[in-house]
Amino acid sequence: MKDQKTLDRIKLLHPKLRDEAGKIYDEICDALTGRAMCRFGFTLRTFAEQNELYAQGRTKPGHIVTKAKGGLSMHNYGLAIDIVLIVDGKTAVWDVKSDFDGDGKSDWMECVTIFKQYGWEWGGDWKFYDAPHFQKSFGYSVRQLLALHEAGKVDEHGFVRI
């Protein structure tokens, strides 16, 4: 069964990634056959939403969850996805080791493998470990994307032309 929230969030991605993200999601759904399903928790995030998240743990209560201010996250350009596993249809889990379908492979790492097969970068490989995060930058840095955005090089829906 497909997760409608994930399907809706795929539609928010940069147009160049939507079809591919749909294929990735299909493959993940086929791979996870047990108690856990994968949800794309975040895709596109506005600059304002990013600044609110950046304030968390700094000027607002909570733990620091991002190092990126508005305009400096791949999410701001629809080029990133954060995932979460939903177990038994209700519990959000960010466990990279559990094998909820008993196939001998961590469900989380099955998702990682599928994303990587499509050339996505995984935040779990970074010095600043970010296991839920995947991104595909098409060779652009966030500073280059911000410069394109600020120069007005965007399509009719506000996505940077890449």
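Predicted model: local features only at pLDDT ≥ 70, side-chain atom pairs only at ≥ 80, totals over all residues.
Residues are numbered from 1 along each chain as its sequence is written, and side-chain values use heavy atoms, with hydrogens and water left out.

Q: How many residues of strand E2 are buried?
A: Strands (E, at least two residues) and helices (H or I, at least four) are DSSP runs numbered from the N terminus, and buried means under 20% relative accessible area, exposed over 50% and partly exposed in between, with a 1.4 Å probe and protein chains only. On one side of E2, Ala80, Asp82, Val84 and Ile86 are buried, and on the other Ile81, Ile83, Leu85 and Val87 are buried too. For E2, residues 80-87, the count is therefore 8 of 8.

Q: Which residue in E5 stands opposite Asp82?
A: Two strands pair if DSSP finds at least two bridges between them. E2 and strand E5 (residues 133-135) pair in the antiparallel sense over 3 bridges. The residue opposite Asp82 is His133.

Q: Which side chain meets that of Arg39 in a salt bridge?
A: A salt bridge puts a side-chain nitrogen of Lys or Arg within 4 Å of a carboxyl oxygen of Asp or Glu. Arg39 counts as buried at 17% relative accessibility. Its salt-bridge partner, at 2.8 Å from N to O, is Asp3.
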